[in-house]
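Have the structure open as you read.

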Amino acid sequence: MGLFNKVLVANRGEIACRVIGTLRRLGIDSVAVYHEEDVKAPHVALADEAVQLEGMVPSGAYLDSGRIIAAAIAAGAAAIHPGYGFLSENAGFAEAVKQAGLVFIGPDADVIRLMGDKIRSRDFAATNGVPVAPSVTEDDAGDAFVAQAEAIGFPLLIKASAGGGGKGMKIVRNAGELAENIALAKGEAGRYFGDSRVFAERLVERPRHIEVQVLGDGTGNVIHLFERECSIQRRYQKIIEEAPAPNMPPELRERICAAAVRLASAARYLNAGTVEFILGADGEFYFLEMNTRLQVEHPVTEMITGFDLVEAQLRIAAGEGLGHEQKHIRVKGHAIECRVCAEEPDYGFRPATGRIGFLALPDGEGVRVDAGIVARQAVTPAFDSMLAKLIAYGADRETALQRLGEALRKTAIMGLPTNLDYLLRVIRHPAFAAGILDTGFLERFAEDLAMPDRGDPTGIAAVFAAALGDPTFRDLVHRVPEPHASIGRWRN
Amino acid sequence: MSYEIRQEKADFHLDIAARRPTLEVTIAQTLHRVEEVADSDGRFTISVDGRLFRGWRLITSDRIEIRLDGRSFVFDRREGVARADATTGTGDEVRAEMPGTLVTRHVDVGTQVALGERLVTIESMKLQVTIAAPRAGTIARLHIAEGATFERGAILVSMAPAAPQEG
């Protein structure tokens, strides 16, 4: 069975462009789909064919599984690549694609469903020997609740079963405070939610977000492509990711990767997926969730392993199997990615919109840019605020970091606010350079990462650059204002 | 001559101290020597106090955006105001902000002038500027003869004290 002749890409933006790039390299025809608003978008221009999707709202078009499948059939595509987001983790879509006689490039619908369910996937992980954060609920434990909570170990987090937003939440650091805090939490929970039930779980302090890239053939054979560190997050969303994770003891790396493989193998996982973990400062790690698709941050894994993950996805989907043995997969070098977003970090990361008036993207040794934007393009609230990803590779982390800094400096996206300045401030922070990361990083160092003073030489140079771009100032410098010139007595 | 440009959270007041041979501009009491080296396709290169700065510049109808050394600066263009008044004064005295030569007297002692009416034309830094009346009133004294030079801060014109307003 050979690779597909034609593949429809059910996505937009940088990921659609990135998938089309691999299709092109492999000699596979590509079909793009687009909403009217995206008619000039790069993924439309890049694909061999493009089909417009009718839809009331732009984002709705890319979620219209019926029209997308019909477009694939009409175009003669054999398979659909969902990218990430949109329909990528929609089990109904995966099923419908299969029923239409096409190949869904991703896992089977039942595995998507299993991993999409927080409670079922957690139970599945625990059953298969993958660590989950120890917890006990009052409902299950009854009178033994305090004793069982104590048995989990400290620090403990007591949370309201019905609640959220920190109400009824207590951190307990030793057994002596436990009974009292449970009583306090129950009181608060009762007052806020009318339901005083609480549960206790292990508190992970200074948690790191570590995830493992896996590839499965659907029969239980699974390989991993090592881990990624994605601890730099704002509003629970990643903005900087890297591979391998810095300061990761080899033995711990081995255990985390093995746990991910165990989970995917037990699920008879097909295609590419990512198992996410929380790693505590004490070296304990717990299953968070599994993403049954290609991740935004997959390029860092590609750069350190030499894999093209989209190609691997296509080959697995076409029945060619994994094509690689674990023992031959090695990490070489280090890669760091940052997500360039239309947002204002100095104003609570509020999303921004506008038109890209000027665009300059970097190049250079070890630098990769995955972008789906062009100059003059409007950035509207209809879609995700991510504009591009800058990825830098180096023989070591220091080199990758230095190249990423250069890449950020060589990038200009003007006409709307972006987080470019902020990203540079983050990667230049001493704690980031030291690789001491956890998900609280951006909040802890918020003061260091605030907009710097603008009265420094660069700030002053910017004022002059702006003034010299303003005809009013240029007139003052170069010309004589009209009323005086007309007097006719001006001499040079 | 002065020019103002507004940046988010900060206003910059630029005073042009010299235009040739090198542009010299004061910002926040510091004199800077500025040279524009090149400008093409959104790229600019300028020299400030002997240091070269290369970046990108986007000029739109209401903003000027600068991207320089990995930092972004946005200026509000509508606030970019030039003031070619070249003088300071309390209202009773009109003083020169820069040294120069008096070119023309437009009024005589005793002339009644309206606010903004031409008083004298001076030449500073090879630029002729007409000085306007800071208020309505009567000219009390003209301190500089036509063709004579004056120093920075010199009184050019004195106006008679304003009469108390009635009513």
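1. Let's begin in chain B, where Ile5(B) stands opposite Phe12(B) in β2(B). Strand β1 (residues 2-7) of chain B and strand β2 (residues 10-18) of chain B run antiparallel and are joined by six bridges. Strands here are DSSP runs (E, at least two residues), helices likewise (H or I, at least four), numbered from the N terminus; two strands pair if DSSP finds at least two bridges between them.

2. The hairpin of β1(B) and β2(B) has two residues between the strands, and Lys9(B) takes a positive phi near 70° there.

3. A word on the source: this is a predicted model, in which local features need pLDDT of at least 70 and side-chain atom pairs count only at pLDDT 80 or more, while totals for chains, interfaces and linings use all residues. Residues are numbered from 1 along each chain as its sequence is written, with chains lettered from A and ligands numbered from 1 in the order in which they are written.

4. Where the chains meet, 38 residues of chain A are in contact with 49 residues of chain B (C-beta atoms, placed from the backbone, within 7 Å). On the chain B side, 28 of the residues are nonpolar, eleven polar and ten charged (Ala, Val, Leu, Ile, Met, Phe, Trp, Tyr, Cys and Pro count as nonpolar, Asp, Glu, Lys and Arg as charged, the others, Gly among them, as polar).

5. Over in chain A, the axes of helix α14 (residues 397-409) and helix α15 (residues 420-427) come within 10 Å and cross at roughly 160° (lines fitted to C-alpha atoms over the stretch in contact, angles from 0 to 180 degrees between N-to-C directions). α14(A) and α15(A) are therefore roughly antiparallel (over 145 degrees). The contact involves Leu401(A), Leu404(A), Gly405(A) and Leu408(A) of α14(A), with Leu420(A), Leu423(A), Leu424(A) and Ile427(A) of α15(A). Seven of these residues are nonpolar, one is polar and none is charged.

Technical notes
Parallel < 35°, antiparallel > 145°, perpendicular 65-115°, else oblique. Contact = placed C-beta atoms within 7 Å.
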